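Please look at the structure below.

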Amino acid sequence: MICLSSTASSIDGVLADIAGHSRWIDAVELRIDLLEIWDSDGLRLFPQAVLEETGRDLPLIGTVRRSSDGGRSTASDGERLQILRTAVEAGFHYIDLEADLPPDATRSLEAACLTRGTRIIWSLHDIFGMPEGLTDLLDTLPRTPDGIAKIAVTPNSTEDLLRLLEASDRCSVRERIVVGMGPFGTVTRVAPERFGSFLSFCSVPGSSAAPGHLTPQVLAQTYRLRDQRAGWPLFAVVGNPVAHSRSPAYHNGRFLASGTHALYVPILVDSVPALFTLADRLPLLGISVTIPHKQEVIKHVAHLSPEVAATGAANTLVRAPDGWRGLNTDVLGFLAPLEELVESLEGIRALVLGAGGASRGIVFGLARAGAIVSVHNRTTARATTLCDELSSLPDAFSHPPVTVTAAELQNADQRMDVIINTTSLGMNGNGDPAPWLSFHGSEIVYDIVYTPPQTPFIMRAAEAGCRVITGDRMFDAQAAAQFELYSALATGTADG
Ligand code: ATR
């Protein structure tokens, strides 16, 4: 269930949020502590107002979150329980009660809930970290026979996320909500079924009732929360940061379009060893690896593709019976749009700007295809090292890549056929990796930066009459190559 938790400060504002997102939501949490303008009558009329607004009898949760738990309520426990009693009498389906409240204080409200058929969500919050003994805590949270357990804690590392998953797997409480707040907990929100949670809280765009909330539309459309089942094959993009990644939208969109029951999630990873333990426990069948882990993951991989062995970086891991296979679809993804424009790369003259991790795969791919590659970098020594290392690979290239300076390029007689930017310059629309380089109009100019696709470098090349390839083409091509692998695993057609 997708549960909207509005941050509006009035009941009218909450109703407007519900109306604006009703097609994406299955339940509503009324955060009474966030209301600045309200009265008991407004609370009593709320269920009817929701019914009129949406035409649906949406399950309603009444919550008065304490400030110590990340809410705004500074009322006494007695006052909060009184407000919740009004919610019960108004016909709310659930109320949220902190499990640390003294039993004597909650007894009469528990009885009222029993009479009215309101279910109690017994909750525990930690807005800073993770309490010890999570499994036992989960098991002992519900104090009433049909009570629901909810923990909302804050994993501060991938290791913490792993502990949360283990606690959820070991606990015996059947009806539960397990939330990891903040960026390390995103997977609990987008894959609630895997944590045994029957709902995921979210907020409208531009607001967040708790750290890490996504929007109802993203949960419904990108993560297919209404279709999700606990046993769906799982895939992930891992990186630090990872929230900006376009990969979940891409892969989930393609799983949906192909009718495949599989889910692709983003996971913030600060420890590669913890990632591999997590990958076994979830389990993950395939992993897209992004900055800064492309090199380190190799230590955990049983089989390296030739591209990975040559470049020292893997952007794709797929599970095989005897361990992980590491691949690098960046190489193929880079070449695919280029091969659409040139018949053969054999003998073409290519200039690669930059000598970092991305450059290495591109120089390798071009040289292996027979191109004559020159590498220019701000720090020339780095370009020389890259060329020397690639040239010393066992499968020697017909044209080993060489380093070139700006002066050599400006005085060169021969024109380049292809010029590629692999530096980060141009990202966010700023910078040109080679302002001193003029285009003749005959070159193909390729920029691997895709945020935005129209970089200053690409725009300058297009103005000079060059054919251009933008970075989003490479993103799509490398993602398409990954999807072939993931799709085969998800549908059980992978070969070994
Ligand atoms: P990636 O893995 O994305 O390639 P990287 O390994 O940090 O990232 O490499 C970044 C590349 O962009 C390098 O070639 C870098 O040049 P240096 O080796 O001289 O650092 C290049 N780069 C980054 N900022 C630059 C700038 N302001 N001007 C020129 N080149 C720049």
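An N or O atom in the side chain of R382 lies 2.8 Å from an oxygen atom of the ligand, a polar contact (a pair of N or O atoms within 3.5 Å). The backbone takes part as well: a polar backbone atom of A358 is 3.0 Å from a ligand oxygen, and a backbone N or O atom of A355 is 2.9 Å from one. Taken alone, the ligand exposes 640 Å², and the protein buries 67% of that; such areas come from the Shrake-Rupley method with a 1.4 Å probe.

This is a predicted model, in which local features need pLDDT of at least 70, side-chain atom pairs count only at pLDDT 80 or more, and totals for chains, interfaces and linings use all residues. Residues are numbered from 1 along each chain as its sequence is written, and side-chain values use heavy atoms, with hydrogens and water left out.

Around the ligand are G354, A355, G356, G357, A358, N377, R378, T379, R382, T423, S424 and L425, each with a heavy atom within 4 Å of it. This shell holds three nonpolar, seven polar and two charged residues, where Gly counts as polar, Ala and Leu as nonpolar and Arg as charged.

The cysteines form zero disulfides, a disulfide being a pair of cysteine sulfur atoms within 2.5 Å.

Conventions. A polar contact is a pair of N or O atoms within 3.5 Å; within protein, one must be able to donate a hydrogen and the other to accept it, and residues adjacent in sequence count only if both atoms are side-chain atoms.
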